[in-house]
Amino acid sequence: MRTRIFIILSAILLLVTIAMEMLLIPSLASAQNKDLIQYSPVFYWHIPVAWVALFAFLCVFIASIAYLWKRTPFWDIVATTSAELGVVFTTFFLLTGSIWAKFAWGTWWAWDARLTSSLVLWIIYIAYFLLRTYISNPEQRARFAAVFGILGFVDVPIVILTLFVSNQMHPGDAAFHLDKPQMIITLVTGVVAFTLLYLGLLFFGIHLREDAYEVSKLKETDGG
Amino acid sequence: MNSTQAISSAPLAVETSGVVKSFGNYIALRGIDLKVPAGSTLAVFGPNGAGKTTLIKILASIMRPTSGKILIEGLELKDNVELLRARLGLVAHQSYLYSNLSAWENLDFYARMYGLDDRSKRIGEVIDLVSMTGRKHDRLSTFSRGMQQRMALARALLHKPPILLLDEPETGLDQQALDAMWDIIKREEDGRRTIIFTSHSFERALAVCNDVVILERGRIAYKAQACTLNLDGLKQKYQECTAAVKK
Amino acid sequence: MKFWNSVAAIAWKDILSELRTKEIISSVLVFAVLVLVIFNFAFNLAPDLILQIAPGILWVAFAFSGVLSLNRAFIPEKEENCLEGLMGCPVGREAIYVGKALGSLFFMVLVEAVILPVFALLFNIAVLQSGLITVTLLATIGFVAVGTIFSALAVNTRAREMVLPILFLPVVSPVIIAAVKASAISLNGQSWSDMTIWLAIILAFDIIYLTVPFLVFPYVIEE
């Protein structure tokens, strides 16, 4: 099944990425540049995970529009699953960022534009799930969640834009200053690995939810 | 703009074909085909949950059907919603009126929403029509249920709609108030107004309608012209239709 | 033209209704003043430090009292199902959104017009300057634009009033943050040119927060 292929592939690539960042990257560091973020392994986790989180929210946005247009439960399922994954990945990139921050700057958090907008993003998508729990009518729930999925997406471009704002604690354009080809390869592998992981989990989650939906439909019509 | 003449030359005021409405897994209307001639009065019967209110709301363009076609005065409802809403009046279960505004203010608000010229004159007319002239500046919260119903009717008639929809209008009204209400409705129309109403009262309905339809579980179970029915016949037919499905 | 007539009718209806009961204004005003008083006790600061946190205090007062006022926006439409009455009117559903937003904007500006002088009095800071007022007005537009659609969402959920702040404040936070930054610049006596970037941000958000809800609002109230 497609899902299995994606997950296996991503697992392999993830292992490769780990190997690359733990072994390859530190070997490139010299005394002067070892403090630069490009030379620490966490960089090669953090960026792919952040990328996937934002991509997941883009998928929520698109699925929400598609739901309002087509009104099929499928798109609501895609939006929900993608939002779920988005929250998980955002949590992960906030955590990895925080751990790195402790080591690099000595503080767990800083209220600069990037971190603040990322935290707000996380809260927005938690609110997405809270909204869903507050509505009992399934059709209304899907519709309202879609509306919120569209409105909440506004923060995503903000998170991306803050990368280009200077004078922040959070390093911004390190990703564009990769000197060595091995770094680029590691980063790209990481991005591909996590994207595949996201897609695999997305398809898996969609299947699970579709089955659950079928079951609920059967239960409802059975009594009639 | 005088769209009145252009549109009302169509013989059918309301025509629906294959109207379906589903709420998630629950199907409220399973394909409604109706033809309501202009100037006629249609009574819609059916037990609770049959889909009467849903049908009325869809005709009033408040709710969109899941599928099917609806023609109001020959025009497709979904393509001409804003135009056609001005041709429809609705009296629903709730009054649609704001309790801390006065009768006059409520009507003035809706008169503006319907884009009426010479608002004060029309509002005065309609308040006189429902015999609420003495209370026109009182807040709606001070009105009894019957008075609120009268004001709801006034609101519905404000823009002189050629098609009037009523959802169980007799609820909460005594016989006298009911007579008064039908008197008001018939009085203003000059026989040209199309009326579709849902009802639980066979006797009252038969007295005022031209056609009858029985709705059961989202389908039209029976339709007939009122002149071919008597009260007992109708009651019996109703029992048959509603009992048949229970089996 | 019909669109704007309906918008004006709805906004006026809301204002008239509120003038009768004075529900929103009274409770929101009292709440806002309370926020200011609490902050006064929470931070026992020297006058020059107050200047630094003043914009924050102001916007906490505005944001929370704004949420209170927005909560009430669609509740009158729920009684007697008035929203359906509006939906049956021969005008696009967007007119309901704009009308409601305008009404809420009026109330919020009214509250701000009272709070600003009270703030000046309590904290001894000259807040009535053109820079700060401009920022406040612009940011309030964005605040109300998003708040109105979330209010329509919230009123249809089980938890109603509790839901609005959770949904709404994270999404509107960029506007509030920008407003606080711009207000700080204004209070520090810096020139308009320093504020430009923040004003531009607020304006950009205003445009987004007016356009997207405008497009999406019919989906919230449909049946």
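Helices (H or I, at least four residues) and strands (E, at least two) are DSSP runs, numbered from the N terminus. This is a predicted model, where local features need pLDDT of at least 70 and side-chain atom pairs count only at pLDDT 80 or more, while totals for chains, interfaces and linings use all residues. Residues are numbered from 1 along each chain as its sequence is written, and chains are lettered from A and ligands numbered from 1 in the order in which they are written.

Chain B first. Six of its strands make an open, mixed sheet, ordered E6-E7-E8-E3-E9-E10; two strands pair if DSSP finds at least two bridges between them. E6 (88-91) and E10 (219-225) of chain B sit at the edges with a single partner strand each, so one side of each has no neighbour in the sheet. E6(B) pairs with E7(B) (163-167) in the parallel sense, over four bridges, and Leu90(B) stands opposite Leu165(B) in E7(B). Across E6 and E7 of chain B lies helix H6(B) (145-157), at about 170° to E6(B). For such angles, axes are lines fitted to C-alpha atoms (for helices over the stretch in contact), and angles run from 0 to 180 degrees between N-to-C directions.

Now the contacts between chains (C-beta atoms, placed from the backbone, within 7 Å):

Note on methods: Two residues are in contact if their C-beta atoms, placed from the backbone, lie within 7 Å.
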